Amino acid sequence: MAFTSKPNSGRTGARSIPRARKLISASGTTSARDIQVWDPLVRLIHWSLALTILLNGAVVEEESQVHEWIGYIALGLVAIRLVWALIGPKHARFAAFPPSPGRAVRHLRDLLAGDRRVHLSHNPLGALMVYNLWISVILIGITGYMMTTITFFGIDWVEEAHEVVFGWLLFSVALHVAGVAVDSWRSGVNLVRSMVSGRKTIPQGREVE
Amino acid sequence: MRRLTLLALLALASPALAESLTKDSVLGTTMQEVQASLTAMGYEVRKAEMEDGQIEVYFVRDGKMGEVYVNPQTGAVTTLKMK
């Protein structure tokens with residue numbers, strides 16, 4: 001069994017029981033469950049990467065050494081995450097959230113049709129966003145490094161690219177946050193909390209994928 | 001010995017080494033003048049722009065890179081950053 005489905009117990013039980021009670025009349029027979037989905041490394045990388053973006057985008061002086069180091073840390077975080085997507089636990093793997101525009105379109109259609117299924121890993125739209133965010137960070141990191149080399153120092157297009165991709169990243173982050181809000185509302189699973197605790201509390205009777 | 005000769009030759013071959021940019025350099029009051037001065041000193045100008053009312057130039061020479069800020073009123077260097 002790749003994931004453990006356990007009854008409400010222990011620490012998280014107290015929080016999930018009232019929600020389950022509320023849903024009894026409207027839902028089917030499956031009882032509410034608490035499922036471990038994000039391992040500690042996934043969560044640590046997620047929030048650390050968010051922090052590096054915040055720091056380099058809004059706090060740290062642009063042309064400073066600190067900015068460069070934070071950029072390399074961001075690159076390192078993405079690199080570790082990519083390796084983890086090959087060797088890590090099931091929900092962290094590429095196989096759990098393949099980049100598929102077809103699936104994303106179908107998911108969007110289902111979503112508009114009122115589908116309330118819960119995805120244990122990323123939903124297909126979220127998966128595309130994850131790849132987009134990683135690729136953006138990698139591109140920003142590469143162009144940033146290029147600016148420190150003698151070959152590309154002061155070369156306009158490199159700086160432009162660095163800034164354009166960063167703008168795209170900010171837009172993507174805003175969309176990501178909006179997506180998390182919409183999906184939390186749609187599926188009834190608080191996704192922010194699950195990226196903190198690592199667990200998804202699946203409302204009673206909800207279909208899981 | 002051979003390396004020394006090579007270095008000596010290199011020094012002779014590039015007159016740029018004779019004059020270097022310092023914090024006391026006066027480079028000119030327009031972007032064109034500043035660029036021309038730096039080029040004459042053997043620097044490769046990568047980029048020149050106005051930044052906070054100052055002329056900012058990115059340059060490269062002898063495998064080193066840097067940025068210089070020039071006051072357009074006086075033509076003098078205000079900040080010199082080598083990387």
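## A pair of helices in chain A

Let's start with two helices: helix 2 and helix 3 of chain A pack with their axes 9 Å apart, at an angle of about 155 degrees. Angles over 145 degrees count as roughly antiparallel, and helix 2 and helix 3 of chain A are therefore roughly antiparallel to each other. The crossing of helix 2 past helix 3 of chain A is left-handed.

From helix 2 of chain A, the contact takes in L41(A), I45(A), S48(A), L49(A), T52(A), L55(A) and N56(A). Helix 3 of chain A contributes H67(A), I70(A), G71(A), I73(A), A74(A), L77(A), V78(A), I80(A), R81(A) and W84(A). Sorted by class, this contact between helix 2 and helix 3 of chain A has eleven nonpolar, five polar and one charged residues.

## Chain A as a whole

Keep in mind that this is a predicted model. Chain A has seven helices and three strands, and from the N terminus its elements follow the order β-α-β-α-α-α-α-α-α-β. Of the 209 residues in chain A, 25% are buried. Among contacts in chain A with a separation of 6 or more, 71% are between residues 24 or more positions apart.

Helix 5 of chain A covers residues 124–147. Its 24 residues reach 35 Å from the first C-alpha to the last, close to the 34 Å expected at 1.5 Å a residue. Which of its residues are buried? In helix 5 of chain A they are P124(A), L125(A), A127(A), M129(A), L133(A), S136(A), V137(A), I140(A), G141(A), T143(A), G144(A) and M147(A). The cover over these buried residues of helix 5 includes helix 2 (40–59), helix 3 (65–87), helix 4 (101–112) and helix 6 (156–187) of chain A.

Helix 6 of chain A has 32 residues and reaches 45 Å from its first C-alpha to its last, close to the 46 Å expected at 1.5 Å a residue. In helix 6 of chain A, the buried residues are H162(A), V165(A), L169(A) and S187(A), and they pack against helix 2 and helix 5 of chain A. After helix 6 of chain A comes G188(A), which has a positive phi, near 80 degrees.

## Chain B

Now for the partner chain. Chain B has two helices and four strands, arranged along the sequence as α-α-β-β-β-β. Of its 83 residues, 16% count as buried. Among contacts in chain B between residues at least 6 apart in sequence, 27% join residues at least 24 apart.

One residue to look at is K64(B), which lies in strand 3 (residues 64–70) of chain B. Is K64(B) buried or exposed? A residue counts as exposed if 12 or fewer other C-beta atoms lie within 10 Å of its own; K64(B) has 12 within that distance, so K64(B) is exposed. K64(B) and Y43(B) are 21 residues apart in sequence, and their C-alpha atoms are 9.9 Å apart in space.

## Where the chains meet

How many residues of chain B are in contact with chain A? Six residues of chain B contact five residues of chain A. On the chain B side, the elements that give two or more residues are strand 1 (44–51) and strand 2 (54–61) of chain B. By class, this side of chain B has three nonpolar, one polar and two charged residues.

Note on methods. Residues numbered from 1 in each chain as written. Chains lettered and ligands numbered in written order. Predicted model: local features only at pLDDT ≥ 70, side-chain atom pairs only at ≥ 80, totals over all residues. Contact = placed C-beta atoms within 7 Å. Nonpolar A, V, L, I, M, F, W, Y, C, P; charged D, E, K, R; others polar. Buried ≥ 20, exposed ≤ 12 C-beta atoms within 10 Å, placed from the backbone. Expected span 1.5 Å × (residues − 1). Axes fitted to C-alpha atoms, helices over the stretch in contact; angles between N-to-C directions. Parallel < 35°, antiparallel > 145°, perpendicular 65-115°, else oblique. Left-handed = near helix turned anticlockwise from the far one by under 90°.
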